Amino acid sequence: MNVRASNDRNSATRAPHGWRDALVAVLAGTLAMLVTAALGLWAAGAAGLPGGAFPRVVAAVVVMAVGGSVALAGDAGSLVGAQAGLSVLPLSVTLAGALPIAYGFLRPLRHRAVAGGRELAGWAGRGAALWAVVLIVLSLLARHTFTLPAESLTGDGSGDGTGDGAGDAFGDVLGDSARVGFRADILLTVVIGLVWLAGVLVLALLVSRRAPLPARLVRFQETVRPAASAMVALLLASVALGVVAGLVVMVVRGHPAQTLAVILLGLPNLVWLALTLGLGASWEGKVQGPFGLPMPQVLDSVLRTPDLSAVNLRTLAAQDGRMWWLLVVTALLVLGAAFLMAVRSPARMRPWQHALHLAVALTLTVLLIGLTAAVSARYGLSLLGIGDLGGGLGGEVSLRPRLWTALGIAFLWGLAAGFLGGLAAARVHRRHGEVPLDET
């Protein structure tokens with residue numbers, strides 16, 4: 001009876017503490033995303049947007065970073081419509097929010113061997129409720145309409161001659177002004193944002209060696225946690241190398257604002273793409289029109305063709321032979337992850353088991369990269385909804401993986417690297433038997 005009363009008192013005292021910690025975690029993640037997005041957009045030159053649009057664009061970028069829906073739309077007159085579409089995750093902002101949220105979720109659970117499923121669900125539920133409120137506020141803020149002079153669309157007064165072609169042919173139907181804007185879908189953003197939060201919390205539990213699990217799931221920690229933590233270490237290590245490379249480029253080649261914008265908005269998009277390319281995977285895409293995305297010149301050169309272009313080590317190396325170093329860097333990173341996974345696994349595991357575990361983990365990691373790093377963006381004008389008016393007014397950027405081939409290559413890499421990592425870890429002194437509970 002006394003034990004039950006004591007447990008009741010502990011539960012009662014834990015509940016308010018849970019709300020406080022959930023609030024701190026959600027606010028910390030939100031603030032990190034807002035600051036990262038704001039600095040990145042400022043470096044990209046978006047601070048001077050008219051009509052006080054900058055904070056609304058920042059909110060839209062944060063919404064996109066959690067997978068939310070931001071629709072682009074426009075109206076260039078009574079007969080001419082503006083068509084636009086954008087599907088891209090600014091993964092630097094995503095990562096900036098995921099890390100403090102995951103840490104805030106795990107921190108109150110430290111120094112625990114086992115946690116009940118209801119307790120973990122309670123922690124997650126409190127965070128989800130607060131996160132939903134944040135998503136609603138951001139979605140309401142992430143909407144704005146820009147009014148542009150018609151001559152900016154026809155090319156009049158630009159001095160580059162674009163108004164002498166197609167622009168003059170339809171300039172009279174554009175009206176006095178054109179409107180383009182964006183608007184977040186509140187319901188879809190909340191739903192997808194909550195799924196994103198659930199993924200972050202589940203991944204945090206899988207990766208952390210000290211986070212408690214429900215008793216029924218403890219037996220899976222020996223196979224899942226070492227592989228999951230190794231993959232997260234692989235992704236974060238590649239980002240760290242990307243930051244170093246970006247800083248070197250900033251110092252050597254100049255353009256600090258552009259480089260900083262890439263680092264703060266889309267660095268993981270580039271380095272995780274490079275990771276898959278180093279494995280031997282291929283992507284395909286194209287860049288057409290006057291605009292593109294922040295990307296290395298060698299990648300832009302490969303993609304800027306009339307038709308879809310293959311992006312792989314061979315096509316990149318044809319532009320710059322140094323691209324072959326991606327193979328070496330990727331091999332070192334994957335082998336390091338394999339060794340890390342093996343030394344964190346029970347010593348009784350055989351190399352073939354390490355190979356299988358890493359093969360599955362690396363395949364899932366490449367699948368995640370393929371789903372999150374793909375890019376699709378299009379903008380154009382159409383007359384009565386038919387065709388593109390041309391004249392340099394439209395553009396398209398797309399980049400997507402050849403997914404099934406990439407997954408097969410990742411599985412083979414995982415088998416080979418996992419086996420070698422298991423052999424190397426066999427020479428390291430480790431505990432035999434099961435992973436102690438106080439290290440989970």
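**View 1. Helices α9 and α12 are roughly perpendicular to each other, because angles of 65 to 115 degrees count as such.** In this predicted model, the axes of α9 (residues 256–279) and α12 (residues 325–343) cross at roughly 95° and come within 8 Å. Axes are lines fitted to C-alpha atoms over the stretch in contact, with angles running from 0 to 180 degrees between N-to-C directions. Helices are DSSP runs of H or I with at least four residues, numbered from the N terminus. Contact (heavy atoms within 4.5 Å) involves A274, L275, G278 and L279 of α9, and L326, L327, T330, L333 and V334 of α12. By class, seven of these residues are nonpolar, two are polar and none is charged; Gly counts as polar, Ala, Val and Leu as nonpolar, and Asp, Glu, Lys and Arg as charged.

**View 2. T372 lies in helix α13 (residues 351–372).** T372 has 16% relative accessibility and therefore counts as buried (under 20% relative accessible area, 1.4 Å probe, protein chains only). Its side chain reaches the backbone oxygen of L368 at 2.8 Å. Beyond its neighbours within four places in sequence, T372 is in contact with L89, L91 and N269.

**View 3. Helix α7 covers residues 186–207.** At 1.5 Å a residue, its 22 residues should span 32 Å, and the end C-alpha atoms are 31 Å apart, which agrees; the expected span is 1.5 Å times one less than the number of residues. Buried residues of α7 include W196, L197 and V200. At the start of α7, a side-chain oxygen of D185 comes to within 3.2 Å of the backbone nitrogen of L187.

**Notes.** Residues are numbered from 1 along each chain as its sequence is written, and side-chain values use heavy atoms, without hydrogens and water. The model is predicted: local features need pLDDT of at least 70, side-chain atom pairs count only at pLDDT 80 or more, and totals for chains, interfaces and linings use all residues.

Definitions and conventions: Helices (H or I, at least four residues) and strands (E, at least two) are DSSP runs, numbered from the N terminus. Angles under 35 degrees count as roughly parallel, over 145 as roughly antiparallel, 65 to 115 as roughly perpendicular and the rest as oblique. Buried means under 20% relative accessible area, exposed over 50%, partly exposed in between (1.4 Å probe, protein chains only). A polar contact is a pair of N or O atoms within 3.5 Å; within protein, one must be able to donate a hydrogen and the other to accept it, and residues adjacent in sequence count only if both atoms are side-chain atoms.
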